[in-house]
Amino acid sequence: MASQAQNLANLEALLQEATPASLSKAQELVGQIKSRQQLLDQGVLGKFNLDGKVALVTGAGQGIGEALAHGLGEAGCKVAVCDLEFSRVERVAADLAAKGIPSLAVKVDVSNKEDVEAMVKAIVDKFGDLDIACNNAGIVYSTTENHSVDIPQTQWERTMAVNLNGVFYCCQAEGKHMLKKGKGKIINTASMSGTIVNHPQIQAAYNASKAGCVHMTKSLGAEWADRGVNVNCISPGYVDTALNRTEALTPIREQWIRETPAKRLADVQDLVGAIIYLASPLSDYCNGLDMIIDGGFTLW
């Protein structure tokens, strides 16, 4: 079967000829295109279509969050991009708008409960609903030199405030809206660090926060399953983002790659498909899932 693009190109060429024979052939191609589109709309691929849904992404100003925002928008969502750094999400929102994707930039400190509640209100006020929430904001302090006994209290508390408290505040505010209507998708960004102990870097606070995120996801997934709200999480392995491309991290990056069966870091696009699945009706029977996307790192 010819592709949609090839059929459209053939149709355009036939219409340019404008002879009775070419017009008859054009009508045949139109029928094929309509049949193919009906299959796409009603078949399994159509269930990945998120047209008209309203999604939010926290930590959307760069890296993973920015990629998720674009993926959701390309799947049909109106997208609210949320971040502590407003200038970053202003740029992302403009990039989405340039693609014809309705977007909204929101400044939010996820560690502040009132800020999170205001974020959800702003999104519902703008778009009239909230269907999908990707709680992706997170921070990490890691070192190869200082042991955990030397970690300042402020680092521990800030890590928990953003990575654990922040995710819970988001789930809570989003859940209040979704539970009222009996439908919604919440997808948290955890980490393979919630399952393993990373090395050579020392990051006990981050690992603990992500383990908490995974188990909180399971807990909420069980609690809200019979009320129509699916709560799941993705756990990325090492991802090739700007934060991991510094010169100081080069030796560690090389070790990460050596110890990953896939022999590379993840591209941010490697995570987008999982998010679209978890945001779609095809994941309606998934509750509390921790989807590890790590190139096989946790297998060894």
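Q: Why is asparagine 163 called buried?
A: This is a predicted model, and in it asparagine 163 has a relative accessible area of 0%. The cut-off for buried is under 20%, so asparagine 163 counts as buried.

Q: Where does asparagine 163 sit, and what does it touch?
A: You'll find asparagine 163 in helix α6, residues 153-181. Leaving out residues up to four places away in sequence, asparagine 163 touches Ala137, Gly138, Ile139, Tyr206, Ser209, Lys210 and Cys213.

Q: What makes asparagine 163 and isoleucine 139 a polar contact?
A: A polar atom of the asparagine 163 side chain lies 2.8 Å from the backbone oxygen of isoleucine 139. The limit for such a contact is within 3.5 Å, and 2.8 Å meets that distance.

Q: What does helix α6 pack on?
A: Helix α6 packs on the sheet, where it touches β1, β4 (132-135), β5 and β6. The direction of α6 makes about 175° with that of β5.

Q: What is the strand order in that sheet?
A: It's an open sheet of seven strands, in the order β3-β2-β1-β4-β5-β6-β7, with parallel pairing. What makes β3 (103-107) and β7 the edge strands is that each pairs on one side only.

Q: How do you know that β5 and β6 are paired?
A: Pairing takes at least two bridges, and six bridges join β5 (residues 184-189) to β6. Among the partners, isoleucine 187 goes with asparagine 232 in β6, and asparagine 188 stands opposite cysteine 233.

Q: What about β6 and β7?
A: Four bridges join β6 to β7, and the two run parallel. With at least two needed, they count as paired. Cysteine 233 stands opposite aspartate 290 in β7.

Q: What makes β6 mostly covered?
A: Eight of its eight residues are buried. On one side that's Val229, Val231, Cys233 and Ser235, and on the other Asn230, Asn232, Ile234 and Pro236.

Q: How does the chain get from β5 to β6?
A: The chain crosses through helix α7, residues 204-224, and this β-α-β crossover is right-handed.

Now for the aromatics.

Q: How many aromatic pairs does the structure hold?
A: Two.

Q: Why is the pair of tyrosine 238 and tryptophan 256 called stacked?
A: Their ring centres are 4.0 Å apart and their planes are at 5°. Pairing needs centres within 6.5 Å, and stacked needs planes under 30 degrees apart, so this pair is stacked. Tyrosine 238 is in the loop between β6 (229-236) and α8 (250-258), tryptophan 256 is in helix α8, and 18 residues separate the two.

Q: What makes the pair of tyrosine 238 and phenylalanine 297 edge-to-face?
A: The centre to centre distance is 5.3 Å, with 90° between the planes. Phenylalanine 297 lies in the segment after β7 (290-293), so the pair ties together parts 59 residues apart in sequence.

Q: How do you know that tyrosine 238 and phenylalanine 297 are buried?
A: Tyrosine 238 has a relative accessible area of 11%, and phenylalanine 297 is at 7%. Together with Trp256, Tyr238 and Phe297 form one aromatic cluster.

Terms used. Residues numbered from 1 in each chain as written. Predicted model: local features only at pLDDT ≥ 70, side-chain atom pairs only at ≥ 80, totals over all residues. Heavy atoms only, no water. Phe/Tyr/Trp six-rings, centres within 6.5 Å; stacked < 30°, edge-to-face > 60°. Buried < 20%, exposed > 50% of the residue type's maximum accessible area, 1.4 Å probe, protein only. Polar contact = N/O pair within 3.5 Å; in protein donor to acceptor, adjacent residues only side chain to side chain. Contact = heavy atoms within 4.5 Å. Axes fitted to C-alpha atoms, helices over the stretch in contact; angles between N-to-C directions. Right-handed = clockwise from strand over helix to strand, strands pointing away.
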